[in-house]
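Dear colleague,

Please find the structure below, together with its sequence.

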Amino acid sequence: MTSPEPAPAAAGGSGARTTFSLFACCIPVRGARRSVICDLQRGTYRLIPNGLYEILTEHRGMTVDEIKAAYGNEYDAEIDGYFDFLLAHELGFFTAEPERFPPLDLEYHSPSRITNAIIDLDGASEHDFAAIFRQLDDLGCQAVELRAFAPLRLDELRDALAPTRGGRLRALDLVLAYTPELDGPAFAELVEAERRLNSITVHSSPAARQTTMGRAVAVTYVQQAIDSPACCGAVHPRYFASNVETFAEARRFNSCLHRKIAVDARGEIRNCPSLPKSYGNIRDTSLHSAVAQRDFSALWAINKDQIEVCKDCEFRYICIDCRAYLTDAGDLYSKPAKCGYDPYTAEWHPPLGRTRKEVA
Amino acid sequence: MSDEPGDGQQLFDQLTDEGRELVPAYYRLFERRPAGSSLPQRLASSAWYQAPTFACYAFPKPISRCRRHDEP
């Protein structure tokens with residue numbers, strides 16, 4: 001750990017009383033064995049020992065000399081190393097006026113009844129995309145992921161996306177089954193034309209690769225077959241989301257299901273396509289009336305501080321939860337089955353549960 | 001550095017490999033690191049996201065999570 005600037009000269013010396021402050025966007029979260037500092041501006045996180053978490057929280061507002069004294073001056077070198085680390089990674093700064101740097105307001109509010117949606121389709125789906133996207137628009141939906149488990153022709157894809165053009169929807173993610181058409185110029189033209197496209201995953205591809213198309217739309221080809229909702233629910237650092245919105249939402253609500261709606265391949269309206277409860281079929285039930293049903297939002301309130309094991313995990317506010325695949329099918333508050341992280345040892349293992357375990 | 005919308009592609013071309021990997025991102029305009037790197041390292045917010053050439057909003061978290069960990 002090296003420091004780009006001499007830190008503690010002003011921290012414990014003469015003159016103004018100088019203390020260390022984390023940047024407001026850098027928030028420490030304690031786990032059972034270690035902690036993290038979530039950098040919500042840069043979208044990253046830094047692992048730290050629980051000892052540093054303690055310094056940053058319980059000893060907040062103390063000078064470096066006062067902190068060293070609080071530990072009986074037994075750990076002076078380690079404490080200097082901690083502050084070198086924080087400065088080198090631009091996580092905070094020394095200041096004589098900490099009151100000028102208030103914390104972020106992490107209250108979560110959204111003007112949208114629904115913020116995100118999944119639409120699944122397979123070879124037998126008969127979705128009325130114009131109606132679905134119109135209803136999503138009425139609910140204020142900002143982002144949609146369209147998951148095609150079976151190959152789509154480009155003209156079918158074009159028709160499915162056409163209704164998104166005039167509404168408030170702001171981002172589209174696609175999961176598509178590979179066809180040779182997806183390697184051709186017509187697909188590139190489609191990506192260029194659909195300006196709400198954000199990312200595309202092409203599954204069942206002959207080879208894995210990544211590229212960009214159009215306005216730097218990320219296109220990832222994977223060999224894995226994504227052929228049913230059962231593929232979903234993975235918990236892994238690649239899916240961590242370290243940003244203000246997700247962090248604030250996860251502190252109070254379920255980080256996956258809150259303000260989410262799904263239309264599965266048969267048209268059933270669910271909280272997510274992997275959950276068994278249907279709130280009606282899109283043929284005869286509007287999304288609005290589904291959302292209005294009393295128990296539709298029941299799972300929204302299960303946050304990570306209420307879930308066994310997760311409540312002791314340092315990643316709990318940047319990790320996206322799953323309530324469809326659980327380690328204990330009978331316990332709605334059990335750990336996601338597809339998470340292999342043990343916060344008590346700080347080690348990643350293959351997830352224990354791979355079978356579908358539905359909640360009642 | 002200008003933050004006019006027309007500079008976006010040019011700025012994206014200047015991003016480091018690491019910077020280009022920072023997707024999803026909100027807005028594709030860039031700021032330099034204060035420490036003096038000559039290359040823009042990361043993406044920064046800007047009101048220009050609404051400009052027609054910058055339809056760049058991305059939802060702040062993954063909507064579904066289907067991909068295995070042993071592929072890109």
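Which two strands form a hairpin with three residues between them? They are β10(A) and β11(A), and A:G214 in the turn has a positive phi of about 55°.

Please note that this is a predicted model, in which local features need pLDDT of at least 70 and side-chain atom pairs count only at pLDDT 80 or more, while totals for chains, interfaces and linings use all residues. Residues are numbered from 1 along each chain as its sequence is written, and chains are lettered from A and ligands numbered from 1 in the order in which they are written.

Helices (H or I, at least four residues) and strands (E, at least two) are DSSP runs, numbered from the N terminus; two strands pair if DSSP finds at least two bridges between them.

Strand β11 (residues 217–221) of chain A has two partners. Five bridges join it, in antiparallel fashion, to strand β10 (residues 209–213), and four bridges join it, in the parallel sense, to strand β9 (residues 197–203). A:Y221 is the bridge partner of A:R209 and also of A:V202. Buried here denotes 20 or more other C-beta atoms within 10 Å of the residue's own, exposed 12 or fewer, and partly exposed anything in between, with C-beta atoms placed from the backbone.

Chain A also holds an open sheet of three strands in the order β2-β3-β4, with antiparallel pairing. β2 (26–30) and β4 (44–49) stand at the edges with a single partner strand each, so one side of each has no neighbour in the sheet. Five bridges link β2(A) to strand β3 (residues 34–39), and A:I27 has A:C38 as its bridge partner.

In helix α4 (residues 76–88) of chain A lies A:F85. This residue counts as partly exposed because it has 17 C-beta neighbours inside 10 Å.

Chain B contains two helices and two strands, which run α-α-β-β from the N terminus on. Of its 72 residues, 25% count as buried. In the interface, 23 residues of chain B are in contact with 40 residues of chain A, contact being C-beta atoms, placed from the backbone, within 7 Å. The side of chain B that touches chain A has 14 nonpolar, two polar and seven charged residues; Ala, Val, Leu, Ile, Met, Phe, Trp, Tyr, Cys and Pro count as nonpolar, Asp, Glu, Lys and Arg as charged, and the others, Gly among them, as polar.

Yours sincerely

Terms used
Two residues are in contact if their C-beta atoms, placed from the backbone, lie within 7 Å.
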